[in-house]
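My entries follow in the order in which I made them.

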Amino acid sequence: MSTSMNFAVFTAALVRKMQEKMGKDFRVFSSTVKKNNGVELTGIILEGRGCNTSPTIYIDDFFEDYEKGASLEEIVEAVWQIFRKNRFEESVDLSNFASYEKAKDQIAFRLVNFEKNRELLKGVPYKIFCNLAVVFYYSVNEAPFYGKASILIKQEHLEKWGVSLEELCRNAMKNTPRMYPARIENIESVMVQMLEKGLVDENDISVKLADRQEQKWMDEVLSQLQEDFGRDENRIPMYVLSNEQKLYGAACMLYPDILEKFSRLIQNDFYILPSSIHEVILLPFQEQPERESLLEMVTEINKTQVEESEVLADSVYCFMRSDQKIWQLC
């Protein structure tokens, strides 16, 4: 479809059409949202009267669909269907967030790439871990989110609360394993779960791309490693470390004792491959592959198979039983 509409004009037209569809009981507007790794996305917000919550529906991919031939009317209907499925019927009470004593039990941590988030980190309390940054957030457990939304903790929040970074870190390190329990699974069983979920969600217009991107990543990892080691009797055992929610689960590698217990179980040291911000892959040491080939593989797959906002690092780490520490190899 040939169109002279640029993204700004497309966004304005979509907002106007959605406002017409939603009527006077809603206010429809667009907003630029800064995501992980400096990625910026444009979202449509449909704010209902008397309700302070609304899902943000990102429209960047819809613009690509439009350029490929989808009509504006089809996109309006798609946005409406996403909103209908994900809308909130009630306001959220965030009064607990104003008080550190009330908020502290809902504070957790995540791992992000330090260099790619350098600008964001200027106003955010963080701790350095290798070439990564540990950042902190408040998990919104109140209705209607029940843990499915979060607020990134900024320096201004610490100042308002009157607490130190060290205290924030202590609470987050205590809370995160409790709120998001770690899980280590064989990579093949994880892929089967993803495939089953993909079959269920295939016709779901609002399904997130994360699981499918992660499955591509793991497919590529298995394919490349199997070229070196064969497919059956010589197959390398590989494991996925994440949390039960499979959300920002790469942070699980900082949980107390989780990697030490795993090393005792397999009686080996192991590589840690950062699959995404949501999980890491654990690969027991073998004679091959060498760290340089692993780094090349991680970098290439992150570049071609993982959404930019989901990338954790183009690096290879390892856990050594001798000192019970994680090391960045390259």
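**Entry 1: Ala-12.** I began with Ala-12, which is partly exposed at 43% relative accessibility. Buried means under 20% relative accessible area, exposed over 50%, and partly exposed in between (1.4 Å probe, protein chains only). The areas come from the Shrake-Rupley method with a 1.4 Å probe, and for residues only the protein chains shown count as cover. Ala-12 sits in helix α1, residues 7-22. Helices (H or I, at least four residues) and strands (E, at least two) are DSSP runs, numbered from the N terminus. I then took the C-alpha distance from Ala-12 to Ser-30, 18 residues apart along the chain, and got 8.1 Å.

**Entry 2: ground rules.** I note that this is a predicted model, in which local features need pLDDT of at least 70 and side-chain atom pairs count only at pLDDT 80 or more, while totals for chains, interfaces and linings use all residues. Residues are numbered from 1 along each chain as its sequence is written, and side-chain values use heavy atoms, with hydrogens and water left out.

**Entry 3: salt bridges.** How many salt bridges does a search of the whole structure find? I got eleven. The criterion is a side-chain nitrogen of Lys or Arg within 4 Å of a carboxyl oxygen of Asp or Glu.

I looked up Arg-27 and Glu-47, whose side chains meet in a salt bridge at 3.4 Å, N to O. This pair links distant parts of the chain, with Arg-27 in strand β1 (residues 26-34) and Glu-47 in strand β2 (residues 40-48), 20 residues apart. Arg-27 is partly exposed at 46% relative accessibility, and Glu-47 is partly exposed at 29%.

Next I checked Glu-115 and Arg-118, which form a salt bridge with the closest N and O atoms 2.7 Å apart. Arg-118 has a relative accessible area of 41%, so I logged Arg-118 as partly exposed.

Lys-122 and Glu-119 also meet in a salt bridge, at 3.1 Å from N to O. Are these two residues buried or exposed? Lys-122 is exposed, with a relative accessible area of 63%, and Glu-119 is exposed at 58%.

Entry 4: Arg-183, Glu-185 and Lys-246 are linked in a network of salt bridges. Lys-246 lies in the loop between β9 (239-243) and α10 (258-266). Its relative accessible area is 28%, so Lys-246 counts as partly exposed.

Asp-257 is found in the loop between β9 and α10. Asp-257 has a positive phi of about 75°, although it is not a glycine. I recorded Asp-257 as partly exposed, at 46% relative accessibility.

**Entry 5: aromatic pairs.** I searched the whole structure and found 15 aromatic pairs. Trp-80 and Phe-83 form one that is tilted, at 6.2 Å centre to centre and 35° between the planes. Rings of Phe, Tyr and Trp (its six-membered ring) pair if their centres lie within 6.5 Å; planes under 30 degrees apart count as stacked, over 60 as edge-to-face and the rest as tilted. Both Trp-80 and Phe-83 lie in helix α3 (residues 72-86), three residues apart, about one turn of the helix. Phe-83 is buried, with a relative accessible area of 2%.

Phe-262 and Phe-270 form an edge-to-face pair, at 5.1 Å centre to centre and 80° between the planes. Why does Phe-270 count as buried? Phe-270 counts as buried because its relative accessibility is 0%. Phe-262 is buried at 5%.

I also noted one aromatic cluster, formed by Phe-7, Phe-10, Phe-63 and Tyr-66.

**Entry 6: a negative patch.** Which residues form a negative surface patch? I listed Asp-61, Glu-64, Asp-65, Glu-67, Glu-307 and Glu-308. Patches are made of residues with over 30% relative accessible area and no salt bridge: like charges are joined within 9 Å, nonpolar side chains (Val, Leu, Ile, Met, Phe, Trp, Tyr) within 5 Å. Lys and Arg count as positive and Asp and Glu as negative, while His and the chain ends are not counted. The place of a charge is taken as NZ of Lys, CZ of Arg, CG of Asp or CD of Glu.

Asp-65 is found in helix α2, residues 60-67, and is partly exposed with a relative accessible area of 35%. Glu-307 is in the loop between α11 (291-305) and β12 (317-320), and is partly exposed at 34%. The C-alpha atoms of Glu-307 and Ser-276, 31 residues apart along the chain, are separated by 8.9 Å.
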